[in-house]
Protein chains: 2
Amino acid sequence: MNAALKNLIQNEPASKLRDWLALNPTVEVAEELSHLDSGDQALAFRLLRKDKAMAVFEALDTEHQRTLLEGLREERVRELVEALPADDRARLFDEMPAKVVARIQQGLSREERDATARLLGYPAGSAGRVMLPVVTTVSAEQTREEALARLSGQSERGGELAVLPVTDGSRRLLGTVSLADLVTAERGAVLSDLFTEDTYSVSAYEDQEAAARLIQEADLLALPVLDNENRLLGMITVDDAMEILESEATEDAYRSGGAEPIRRPYMAVTVFGLARSRAVWLLLLIVAAVLTVNVLEFFEDTLESMVVLALFIPLLIDTGGNAGSQAASAMIRALAVGEVRFADLPRILWREARVGVLLGAMLAAVGFPVASIFYGTDIGLIIALTLLFICLWASAIGGILPLVASKLRIDPAVFSAPVITTVADATGLIIYFLIATAVLSDDLAMALPMIGG
Amino acid sequence: MNAALKNLIQNEPASKLRDWLALNPTVEVAEELSHLDSGDQALAFRLLRKDKAMAVFEALDTEHQRTLLEGLREERVRELVEALPADDRARLFDEMPAKVVARIQQGLSREERDATARLLGYPAGSAGRVMLPVVTTVSAEQTREEALARLSGQSERGGELAVLPVTDGSRRLLGTVSLADLVTAERGAVLSDLFTEDTYSVSAYEDQEAAARLIQEADLLALPVLDNENRLLGMITVDDAMEILESEATEDAYRSGGAEPIRRPYMAVTVFGLARSRAVWLLLLIVAAVLTVNVLEFFEDTLESMVVLALFIPLLIDTGGNAGSQAASAMIRALAVGEVRFADLPRILWREARVGVLLGAMLAAVGFPVASIFYGTDIGLIIALTLLFICLWASAIGGILPLVASKLRIDPAVFSAPVITTVADATGLIIYFLIATAVLSDDLAMALPMIGG
């Protein structure tokens with residue numbers, strides 16, 4: 001089955017391609033489409049039956065929707081975009097050039113255009129931007145049977161209906177009732193006895209990631225979105241929450257490698273696009289790495305008289321970088337899921353310092369005998385002590401820098417392994433040469449003031 | 001509000017603590033509890049009203065549930081565990097020592113014990129392990145009104161009821177109908193006209209991550225789980241899917257820093273536990289880094305006659321490691337969300353090689369003049385060429401190694417930034433010294449056979 005569609009397009013008659021598209025389920029077709037480039041996507045897409053094409057289009061991620069649209073005629077684009085729910089459409093528009101959006105908007109029906117415009121009126125990244133605006137509500141006085149009778153014949157997208165908001169006469173939110181609770185209630189039950197008053201809601205201006213995480217943590221199927229007067233504006237559904245958290249995780253994954261996130265599928269980005277997303281960080285990091293050249297220049301005399309010290313530079317700075325990355329990645333994740341906060345900084349520093357000492361002591365215990373055998377006990381001692389102090393130092397800064405970033409409202413994920421490595425390297429080299437100078441100096445007392453400085 | 005609970009516990013009378021716990025919503029309480037250590041958690045938990053305590057317990061992650069239980073009396077533990085849905089209970093048991101599980105199991109009612117035992121009969125990580133076993137079904141001949149009448153008075157957990165499985169007389173799955181579609185259908189509509197036949201389902205033995213991703217991609221509220229004869233065993237709900245994907249993302253985050261994932265909240269792990277999760281990788285990486293010592297030893301004569309070459313070692317290997325990490329993190333993420341496959345390897349190699357050349361050329365263009373001014377054009381040329389080839393090489397292996405891992409059924413995330421860095425370092429040094437030897441040799445022709453070898 002794998003790569004089947006690509007093969008069909010390249011080697012088989014169109015009739016076979018059409019049959020494959022008709023026979024396979026929507027998600028399978030969407031999945032296969034997403035592996036094609038824009039041109040092939042459009043080719044295959046044109047052979048789908050109209051209703052299935054709509055379903056496949058809806059099943060694609062926002063990023064893949066955008067790639068596909070690039071290969072289609074404007075008329076077709078308008079049709080597909082019109083059929084999308086308003087929240088998905090707003091998200092798609094966010095990803096497209098403003099000019100294209102304006103042209104598509106003009107082609108939409110007045111009602112759909114207004115619905116999208118309302119969503120786009122909220123700031124990017126806000127809860128209002130991703131809510132489903134028109135929502136069926138029920139009132140607290142209705143009985144199970146009255147509510148069910150009123151719902152019959154209403155055709156709305158299923159997702160948000162898994163939870164019904166209960167409102168008063170002026171659309172103020174009183175609570176929510178799940179369809180499941182409504183349906184399984186005893187005959188004649190009144191909604192005021194069924195609905196949950198202690199319900200969650202967010203303001204339209206709240207961060208959409210916070211809303212998505214609330215949906216996840218409270219196991220909600222939909223979350224009401226309110227205006228400043230507690231009036232219901234819409235609902236964020238659980239499938240939107242999953243997509244928000246997913247793209248957040250993708251962002252973090254890119255950052256963890258020291259690159260800017262790309263908001264498109266890997267295969268859909270040009271080579272130039274990929275290079276651009278990495279160039280800035282790579283340049284910044286190399287500028288920071290010039291510090292290591294300066295440190296080594298400062299110790300060039302020591303290095304010249306003991307070239308053997310140069311042999312261990314990569315090993316020692318790698319180890320420091322690794323210990324720092326381990327601490328930073330644990331901390332970035334703990335911050336992302338809300339397990340730690342800035343106020344925990346002292347406890348985290350103390351924890352990571354101890355972890356660093358444990359790890360450093362372990363490495364020193366292995367490194368001392370091995371290095372002593374091959375290079376003598378002086379070198380063995382230098383390596384062992386450096387490993388100990390580098391692990392301590394790197395774990396501590398790896399644990400703390402993401403916390404500091406979060407306090408400064410910078411994404412903690414920018415303190416990725418590459419960034420931590422580069423930061424730890426220059427300082428690690430200083431540690432190394434200070435220890436080397438101290439150990440190699442016959443008169444230890446002479447070296448001590450240097451360490452203190 | 002932040003850190004409010006910790007402060008209350010330490011500084012305020014118990015009555016204030018009790019009021020805070022009663023007034024704040026369930027998720028808020030659960031959130032605050034998860035920042036406390038096991039002892040304080042138990043203290044606060046005991047002051048919750050019984051029904052709220054149950055709700056808070058359910059709202060906690062599996063990891064936090066486990067931490068909390070460690071501080072409670074056995075009688076209380078049994079009560080809380082009994083009230084959990086069977087799927088959540090099975091997941092909790094997965095995380096607890098077998099002895100404790102056996103003791104708790106004995107205290108459960110026969111029915112609950114059987115339900116859990118059935119789930120635990122499926123392999124760890126399988127879909128069967130996380131499904132909700134008992135599910136209300138409807139049959140295709142029923143009308144909207146008949147189905148609604150039958151559902152009235154049935155009390156089951158709400159989540160799975162958002163979607164009803166349609167089965168035949170022998171529990172074979174015919175399709176599914178969402179409660180929303182059922183409720184909004186016209187009066188008298190027959191289910192056979194309402195339900196979707198082209199429905200998704202998984203086998204109980206399928207990987208639970210694949211099931212969760214299907215739920216996400218197809219925007220499902222629940223996914224039927226079947227036995228080998230297509231009979232319905234249970235449903236996986238969207239909230240379970242979110243938790244599965246979340247813990248998968250956490251695993252990847254730890255791996256990305258070069259550590260083994262810890263299955264507990266950061267603050268709940270002991271310092272020894274943290275050190276253990278990092279020690280193996282740190283040791284493996286330092287053993288691999290010994291290669292860099294060997295490479296440098298091989299070139300020790302060159303290094304001795306030109307100590308200035310040592311100054312650039314950290315900068316050059318950092319850059320290689322960074323370029324490799326950037327490529328690897330993009331690839332690990334693309335694999336995780338199913339955007340690329342092993343069959344794409346040649347295309348990815350070609351893409352990453354070009355990205356590497358672009359990035360390397362950019363860095364060389366900056367590096368050549370700067371290094372030439374301070375250290376002469378020979379060094380400038382060496383640095384520039386090394387940057388170019390190191391970026392090419394590191395991007396290529398960073399892009400490919402995760403793909404190879406996935407082919408070998410190893411988690412691609414093990415090719416984290418630290419691992420890529422270490423792999424790229426030894427090879428990067430070889431590139432550096434070969435280029436240095438070639439450039440510094442008066443007779444370029446003499447050096448060429450060395451590069452070839």
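**View 1. The interface between chain B and chain A in the predicted model.**
The contact draws on 122 residues from chain B and 122 residues from chain A. The size of an interface is often given as the accessible area lost when the parts come together. For chain B and chain A, the area buried between them is about 11,000 Å², and 63% of it lies on carbon and sulfur atoms.

**View 2. Salt bridges and polar contacts between chain B and chain A.**
Eight salt bridges are found across the interface of chain B and chain A, one of them pairing Arg341(B) with Glu32(A), whose closest N and O atoms are 3.1 Å apart. Across the interface of chain B and chain A there are also 40 residue pairs in polar contact, counted where both residues have pLDDT 80 or more. On the side of chain B that touches chain A, helix H18 (residues 271-298) of chain B gives the most, contributing 17 residues. The residues on that side of chain B comprise 73 nonpolar, 23 polar and 26 charged.

**View 3. Spans of chain A annotated as transmembrane region in UniProt.**
According to the unreviewed UniProt entry, the annotation "transmembrane region" covers residues 279-299, 305-323, 355-375, 381-405 and 417-440 of chain A. In the model, residues 279-299 of chain A are 95% helix and 0% strand, with the end C-alpha atoms 31 Å apart. Residues 417-440 of chain A are 100% helix and 0% strand, and the end C-alpha atoms of this span lie 33 Å apart.

**View 4. The open sheet S3-S4-S5 of chain B.**
Three strands of chain B, in the order S3-S4-S5, form an open sheet in which the pairing is mixed. Because strand S3 (202-203) and strand S5 (232-237) of chain B stand at the edges and each have a single partner strand, one side of each is left without a neighbour in the sheet. Strand S4 (residues 222-226) of chain B runs antiparallel to S5(B), and five bridges join the two; Val225(B) has Gly234(B), in S5(B), as its bridge partner.

**View 5. The open sheet S3-S4-S5 of chain A.**
In chain A, an open sheet of three strands has the order S3-S4-S5, again with mixed pairing. Strand S3 (202-203) and strand S5 (232-237) of chain A are the edge strands, each pairing on one side only. Strand S4 (residues 222-226) of chain A and S5(A) run antiparallel and are joined by five bridges, and the bridge partner of Ala222(A) in S5(A) is Thr237(A).

How values were computed: Residues are numbered from 1 along each chain as its sequence is written. Chains are lettered from A and ligands numbered from 1 in the order in which they are written. This is a predicted model: local features need pLDDT of at least 70, side-chain atom pairs count only at pLDDT 80 or more; totals for chains, interfaces and linings use all residues. Side-chain values use heavy atoms; hydrogens and water are left out. Contact means heavy atoms within 4.5 Å. Buried area is the accessible area (1.4 Å probe) that two parts lose on being put together, summed over both. A salt bridge is a side-chain nitrogen of Lys or Arg within 4 Å of a carboxyl oxygen of Asp or Glu. A polar contact is a pair of N or O atoms within 3.5 Å; within protein, one must be able to donate a hydrogen and the other to accept it, and residues adjacent in sequence count only if both atoms are side-chain atoms. Helices (H or I, at least four residues) and strands (E, at least two) are DSSP runs, numbered from the N terminus. Ala, Val, Leu, Ile, Met, Phe, Trp, Tyr, Cys and Pro count as nonpolar, Asp, Glu, Lys and Arg as charged, and the others, Gly among them, as polar. UniProt positions are given in the numbering used here, feature names are shortened, and annotations may be inferred rather than shown by experiment. Two strands pair if DSSP finds at least two bridges between them.
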